[in-house]
Protein chains: 2
Amino acid sequence: MMNLNRLMALRKERNWSLQYVSDQLGMAKSTYAGYESGYRRPSLEAIAAMADLFHTSVDYILGRVDEPGTYTEPPNSQAEKMIDLNHLTNYTLSVDGRVLSEEEIRQFVAFIKTKWELEQPARSK
Amino acid sequence: MMNLNRLMALRKERNWSLQYVSDQLGMAKSTYAGYESGYRRPSLEAIAAMADLFHTSVDYILGRVDEPGTYTEPPNSQAEKMIDLNHLTNYTLSVDGRVLSEEEIRQFVAFIKTKWELEQPARSK
DNA sequence: AAAAATGTTCTCGTTCCGCGTACACATTTG
DNA sequence: CAAATGTGTACGCGGAACGAGAACATTTTT
């Protein structure tokens, strides 16, 4: 399940007590303690307030990103895996759980190529 | 109060229906509709699933940041080589070195789905 | 030593989440 | 045209779980 175990680390890094954090957030000590222990789950507003207090992002508290810094988009976000539809050997494509046949992919490639050609017709002058 | 009015924009940008989104998220249509209207508030796991589906961050849905990007694929324990075109996240498709836009992939998915429907007129729930 | 602070766990009252359902409207199908 | 299907909205209900407070053990401070 989705844990919030990064909360305690964020707090201890700053040497803050449960009482201090819960005071800053305007909630009972036991309430915030429940978040850290996993006994309770914070509301959206509570977790947003925690992200503000710790100067981090909600996604970091949720463990969805690894950078604690408040949301700075790296310009090289194209570090994804590039898959060439002309020679895809190690991958299978699916839609709604159903696998696409090679024929269907070939048809799509042909379709896209024609589409691009039509978009770039003017070679005039 | 904290609004989630970006949800509807994210859905309409993709021309998705409430039924489709709620199916993808595994919840009732009325439940997801409650999120968009502000009638209900999603759990942390629900909003994380929505961020995954819309290929964005929880902070963006919450309105804490303005950039829709910033996303790192969550630990997905599914089959490695199976790529679902509905949730294209950390993959980029290309043909002859040119990258396919998300819109083009969406069009292709829509095309394939209608093709399959025509091939199989039998309907089951 | 006492006193204060800190962290943990429990109960209780109440909020409100999620689902099913029904409805109005739009779109598609026969 | 009407019927059927898709789409968006609103409501009631059962139950999950939230938040606060209190009690307690442990640690730190005075």
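A residue counts as buried here when its relative accessible area is under 20%. Keep that cut-off in mind for the views below, which come from a predicted model.

**View 1. Helix α4 of chain A is mostly tucked away.** Take helix α4(A), residues 44–53. Of its 10 residues, 7 are buried, so α4(A) is largely enclosed by the rest of the structure. The buried ones are L44(A), A46(A), I47(A), A48(A), M50(A), A51(A) and L53(A). What does the covering? After α4(A) comes H55(A), with a positive phi near 55°.

**View 2. Helices α2 and α4 of chain A cross.** Here α2(A), residues 18–25, meets α4(A), with axes that come within 10 Å and cross at roughly 115°. The two helices are therefore roughly perpendicular to each other, and their crossing is right-handed. On the α2(A) side, V21(A), Q24(A) and L25(A) make the contact, and on the α4(A) side their partners are A49(A), M50(A) and L53(A). Sorted by class, that contact has 5 nonpolar residues, 1 polar residue and no charged ones.

**View 3. N15 of chain A sits in a loop with a positive phi.** Zoom in on the loop between α1 (6–13) and α2 of chain A, and there is N15(A). Its phi is near 55°, a positive value in a residue that isn't glycine. Most residues other than glycine have a negative phi. Is N15(A) buried or exposed? With a relative accessible area of 70%, N15(A) is exposed.

**View 4. H55 of chain B is another loop residue with a positive phi.** H55(B) is found between α4 (44–53) and α5 (58–61) of chain B. Phi for H55(B) is near 60°, and again the residue is not a glycine. At 22% relative accessibility, H55(B) counts as partly exposed.

**View 5. R14 of chain B is a buried loop arginine.** R14(B) lies in the loop between α1 (6–13) and α2 (18–25) of chain B. Its relative accessibility is 12%, so R14(B) falls in the buried class. Which residues does R14(B) touch, if those up to four places away in sequence are not counted? They are F54(B) and R106(B). As for R40(B), 26 residues apart from R14(B) along the chain, the two C-alpha atoms are separated by 23 Å.

**View 6. E103 and R14 of chain B, seen together.** E103(B) belongs to helix α6 of chain B, which covers residues 102–119. With 38% relative accessibility, E103(B) is partly exposed, whereas R14(B) is buried. Along the chain, E103(B) and R14(B) are 89 residues apart, and their C-alpha atoms are separated by 8.3 Å.

**View 7. Chain A as a whole, for orientation.** Chain A has 6 helices and 3 strands, which run α-α-α-α-α-β-β-β-α along the sequence. Of its 125 residues, 36% are buried. The chain exposes about 7900 Å², with carbon and sulfur atoms supplying 51% of that. Among contacts in chain A with a separation of 6 or more, 38% are between residues 24 or more positions apart.

How values were computed
Residues numbered from 1 in each chain as written. Chains lettered and ligands numbered in written order. Predicted model: local features only at pLDDT ≥ 70, side-chain atom pairs only at ≥ 80, totals over all residues. Heavy atoms only, no water. Helix = DSSP H or I, 4+ residues; strand = E, 2+ residues; numbered from the N terminus. Buried < 20%, exposed > 50% of the residue type's maximum accessible area, 1.4 Å probe, protein only. Axes fitted to C-alpha atoms, helices over the stretch in contact; angles between N-to-C directions. Parallel < 35°, antiparallel > 145°, perpendicular 65-115°, else oblique. Left-handed = near helix turned anticlockwise from the far one by under 90°. Contact = heavy atoms within 4.5 Å. Nonpolar A, V, L, I, M, F, W, Y, C, P; charged D, E, K, R; others polar. Areas by Shrake-Rupley, 256 points an atom, 1.4 Å probe, with all protein chains shown as cover.
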